[in-house]
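Please look at the sequence and the structure shown below, and then read the short report that follows.

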Amino acid sequence: MGAPGAGKGTQATALAERYGVPAISTGDIFRFNIKNQTPLGVKVKEIIDAGQYVPDDVTEEIVADRLAEPDCEPGFLLDGFPRTMHQVYFLDRYLADRGQQLDAVVSLHVDPEVLVERLLNRAELEGRADDNPDTIRRRMEVYAGQTAPLLFHYESKGLLVDLEGTGTVDEVRERMFEQLDQHIAQR
């Protein structure tokens, strides 16, 4: 978990490689389906084009389908899910029904001004004209408000690994591996 620009995708890939599990990104799944014009992709594109969030039930359905794939049997890493308490409770039920549980929830924390700078640089590189400082700061506020209950939930279950996400990709990765290894060893 982490605000936009915190490095979730980059670090998710490293974690998945280290533990030999698939990194499952809901954003990647949505983009794949939209690009390939699958029934799900058509549905999601209509929702996004209307400026709305993809509803929990649609997101939960695609995650459940993906977690049922054979490559997820030894484990998995979720990137971009859950994002709401409804999704948290869905995931808890889904895993409990299968006799599984989460090992950890990594939360990357980065100073908001650093995030704004990162996202402005990314917007320039990717040609995203709609990403400006005000829009980015608003996304940060929305993220913080929406994820606070999720972080509290996972902290209360002893699953949360808070990680300082400032530094080079390698520095953050090494810090993450060290903290996660300690967390897992204590469980």
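## A glutamine and its surroundings

In this predicted model, the side chain of Gln87 makes a polar contact with the side chain of Asp56 at 2.9 Å. Gln87 lies in helix α5, and its side chain also reaches the backbone nitrogen of Arg83, at 2.7 Å. The two pairs are set out here.

| From | To | Distance |
|---|---|---|
| Gln87 side chain | Asp56 side chain | 2.9 Å |
| Gln87 side chain | Arg83 backbone nitrogen | 2.7 Å |

Because its relative accessibility is 5%, Gln87 counts as buried, the cut-off for that word being under 20%. If residues up to four places away in sequence are not counted, Gln87 touches Asp56, Thr59, Glu60, Phe81 and Pro82.

Two of these neighbours, Phe81 and Pro82, are joined by a peptide bond that is cis, with omega near 0°. Pro82 itself is found in the loop between strand β2 (77-79) and helix α5 (85-97).

Another loop, between α2 (26-35) and α3 (39-49), holds Gln37. The phi of Gln37 is near 50°, which is a positive value in a residue other than glycine. Gln37 counts as exposed because its relative accessibility is 65%.

Elsewhere, strand β3 (residues 105-109) is mostly covered, with 4 of its 5 residues buried. Strand β3 pairs with strand β4 (residues 160-164) in the parallel sense over 5 bridges, and within this pairing Val105 stands opposite Leu160 in β4.

Note on methods
Residues are numbered from 1 along each chain as its sequence is written. This is a predicted model: local features need pLDDT of at least 70, side-chain atom pairs count only at pLDDT 80 or more; totals for chains, interfaces and linings use all residues. Side-chain values use heavy atoms; hydrogens and water are left out. Helices (H or I, at least four residues) and strands (E, at least two) are DSSP runs, numbered from the N terminus. Buried means under 20% relative accessible area, exposed over 50%, partly exposed in between (1.4 Å probe, protein chains only). Two strands pair if DSSP finds at least two bridges between them. A polar contact is a pair of N or O atoms within 3.5 Å; within protein, one must be able to donate a hydrogen and the other to accept it, and residues adjacent in sequence count only if both atoms are side-chain atoms. Contact means heavy atoms within 4.5 Å.
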